[in-house]
Each structure stands twice: as structure tokens, then as C-alpha cells.
Amino acid sequence: MKVLITGSNGLLGQKLVDYCLAAKIDFVPTSKGENRNSKCPTDRYRSMDITNREEVMEVISELHPTVVIHTAAMTNVDQCELNPADCELINVTATRYLVEACNKVNAHFQLLSTDFVFDGEKGNYSEDDEMNPLSVYAKSKVDAEAIVVNESTTDNSIVRTIIVYGNAENLSKSNIIAWAKSALEKGDPLTIVDDQFRAPTWAEDLAAGCMGILEHNQTGVFHISGPETMSIFDLVIRIGNHFGMTTDQVSKISSSTLSQAAKRPPKTGFDLSKAYQKIDYKPHTLEETLTVLYPS
Ligand SMILES: NC(=O)c1ccc[n+]([C@@H]2O[C@H](COP(=O)([O-])OP(=O)(O)OC[C@H]3O[C@@H](n4cnc5c(N)ncnc54)[C@H](OP(=O)(O)O)[C@@H]3O)[C@@H](O)[C@H]2O)c1
């Protein structure tokens with residue numbers, strides 16, 4: 001197996017680099033611009049802007065991977081809502097370029113997608129539940145999934161995941177766990193939504209899930225998330241309790257009081273049965289991961 005990773009500077013990308021190094025899997029890390037991950041060997045790194053079709057074709061035909069794991073994306077949902085043309089180019093058109101390149105070299109194409117493809121009315125979604133995207137970002141992932149289903153002529157897989165967290169270097173954005181821990185430490189009053197439910201996902205678990213699909217020769221859609229669905233309010237309280245911090249200053253608010261550009265699904269969370277059965281997926285609880293991320 002030779003794995004080409006898009007978005008190797010991103011959170012999941014960095015964890016896939018770690019996984020490949022530890023498992024001695026041949027891999028090519030690619031991202032836009034310079035390599036910003038000190039653990040990623042510079043002699044393997046290739047700068048690849050996925051919105052540049054020529055560059056995508058050139059890099060993939062030259063390096064001939066057997067698998068492309070496509071993590072790169074425009075991931076800020078409010079920015080996508082405000083800049084729909086950029087979102088379309090990065091999340092949809094670039095996926096088409098990558099699928100086309102994989103078709104040429106007969107590489108498995110794996111797309112990272114999101115719980116936001118669902119409208120959040122039902123919760124505990126399984127892979128064949130009906131999609132109903134509520135935002136520009138969500139719609140871009142539905143469209144990218146359709147490109148995989150309709151245009152890929154090779155083996156392919158789609159990995160949907162839910163708020164991903166973990167430690168990584170030089171990321172362009174923070175994640176909810178790091179943000180909540182640091183906000184609780186400051187002791188400032190916090191207002192947190194209690195009407196959005198998610199299954200937060202440790203980036204290491206997600207990387208193992210992505211690789212597990214390949215290692216078990218699987219194709220198709222997989223739901224890969226943390227094992228527990230909780231409200232964002234409960235998530236913040238659990239982080240506080242884990243670290244023995246006071247949470248008296250944290251109060252509940254409704255999503256309707258926030259002025260966010262993109263609409264969010266109220267209740268997601270995944271039925272993970274398929275991942276448990278087909279790829280022996282073993283996700284960690286929130287507290288297990290906090291112990292690893294922030295050892296005392
Ligand atoms: N994080 C979540 O909570 C979450 C939830 C559901 C689904 N997902 C999906 O999971 C995947 C991985 O998420 P993540 O958290 O690892 O995202 P991330 O940390 O934002 O990483 C995405 C990476 O893509 C790179 N990128 C952006 N535009 C690019 C371009 N034109 N060419 C090449 N690279 C480009 C970014 O580069 P820069 O670093 O230079 O900006 C970044 O390193 C994404 O597809 C996302 O939609 C994530």
C-alpha cells in the first residue's frame with residue numbers, strides 16, 4: 001500500500017502521517033504550501049494545491065499511490081456559508097480532480113465527509129440514512145460524496161465523522177476540547193449551547209478508522225466517530241469535571257440566540273455498528289482521550 005494524504009498539515013492529516021510512520025506504511029504527505037508538521041519527513045512531502053487540476057494530475061501520476069486519503073477541505077462552516085464559491089472550488093471541484101487522477105492510476109479514493117450531511121432531526125445516524133444538508137458546507141460534502149459514487153471507477157470509500165479534536169502542530173484553527181479547557185482555566189463566564197448533540201471524535205481514532213477501512217479491504221460509506229453522543233454543554237462540563245475545575249460559571253443557552261452564518265443540525269451522533277463489525281473499530285471515551293492528551 002502507498003498512501004497519498006491530502007491536507008497533511010491539518011489535524012487528521014497529521015495523525016495519518018503519525019499512523020503511517022508507526023506502521024511503516026509507504027506514504028506521501030501533501031498539503032498547500034510548506035510542510036508545517038515537524039514529524040512529517042520533508043523529503044517525502046509534496047506541496048499540492050488540490051484546486052490546481054494540473055498539479056493534482058501531475059503529482060498523482062508521478063507518485064502513483066495505491067490509495068488517496070482526501071482530508072483537505074474548507075472546514076470552517078461559517079466561512080463556507082459566506083464564501084460559497086470558494087467552498088465549491090475546494091470541497092467539490094477539487095474532489096472531482098482527485099477522483100479523476102485516482103481513476104487514471106487505479107488508486108482507491110477515500111473522501112472525508114461529515115455528520116452535517118444530515119439535518120439533525122433524528123440522531124444516531126447509520127450509513128444509509130437519508131441526507132438533508134442544512135448549510136453550504138454540508139451541501140458541498142453531499143456533492144463531493146456524489147462525485148465519489150458517480151465518477152470514481154476505482155475502489156472508493158467515504159468516511160463521515162463528527163467534531164474532531166486532538167493535539168497537532170501549527171493548525172490554522174483550534175478545536176473544541178482545547179478551546180473549552182483553556183476557557184475553563186481562565187474561569188470567565190461561558191455560555192454553551194445545550195441543544196446541539198454530537199459524538200466528539202479523537203483524531204487518533206479517526207486516523208485508525210480511515211486506515212482500518214483500507215487494511216480490511218473495505219469500500220463504501222463508513223461512520224467513524226467517538227462512541228458517545230452528548231450535548232455541547234455536557235461536553236464542556238465533562239472536560240471541567242475531568243480536570244477538577246469549577247464549572248459554576250458555565251450556563252446553558254439555545255442555538256437560536258447565536259448569530260452564526262451557517263445553520264447546524266441539532267442532533268447528530270452515529271450508529272457505529274458497521275465500523276465495529278467490519279473494521280474492528282475501537283474508539284475511546286472522552287475521558288480516556290483527555291488522560292492521553294493532557295497527562296498529569
Ligand atoms: N474537524 C472536524 O470537526 C470535522 C468534522 C467533520 C468532518 N470533517 C472533515 O474531515 C476532514 C479533515 O478535517 P481536519 O479537522 O483535519 O481539517 P483541517 O485541520 O482544517 O485540515 C484541512 C487541511 O486542508 C488543507 N487545505 C485547505 N485547502 C487546501 C488546498 N486548496 N490544497 C491543499 N490543502 C488544502 C488545509 O491547509 P491549511 O492548514 O494550510 O489551511 C488544512 O491543512 C475534512 O475533510 C473535514 O471536512 C472534519
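Buried means under 20% relative accessible area, exposed over 50%, and partly exposed in between. The legends below describe a predicted model.

**Figure 1. Overall fold of the protein chain.** The chain is made up of 10 helices and 13 strands. Its C-alpha trace spans about 55 × 40 × 35 Å along the principal axes. The radius of gyration is 19 Å, which agrees with the value near 19 Å for a compact globule of 296 residues. Of these 296 residues, 52% count as buried. Among contacts between residues at least 6 apart in sequence, 77% join residues at least 24 apart.

**Figure 2. The aromatic pair of Phe116 and Tyr137.** The structure holds 4 aromatic pairs. One of them, Phe116 with Tyr137, is edge-to-face, with 6.4 Å from centre to centre and 80 degrees between the planes. Phe116 lies in the loop between β5 (108-114) and α5 (136-151), whereas Tyr137 belongs to helix α5, so the pair ties together parts that are 21 residues apart in sequence. Phe116 is buried at 11% relative accessible area, and Tyr137 is buried at 9%.

**Figure 3. The aromatic pair of Tyr276 and Tyr281.** These two rings are stacked, with 6.4 Å from centre to centre and 20 degrees between the planes. Tyr276 has a relative accessibility of 39% and therefore counts as partly exposed. Tyr281 has a relative accessible area of 6%, so Tyr281 is buried.

Terms used: Residues are numbered from 1 along each chain as its sequence is written. This is a predicted model: local features need pLDDT of at least 70, side-chain atom pairs count only at pLDDT 80 or more; totals for chains, interfaces and linings use all residues. Side-chain values use heavy atoms; hydrogens and water are left out. Helices (H or I, at least four residues) and strands (E, at least two) are DSSP runs, numbered from the N terminus. The radius of gyration is taken over C-alpha atoms; the globule rule is 2.2 Å times the number of residues to the power 0.38. Buried means under 20% relative accessible area, exposed over 50%, partly exposed in between (1.4 Å probe, protein chains only). Contact means heavy atoms within 4.5 Å. Rings of Phe, Tyr and Trp (its six-membered ring) pair if their centres lie within 6.5 Å; planes under 30 degrees apart count as stacked, over 60 as edge-to-face and the rest as tilted.
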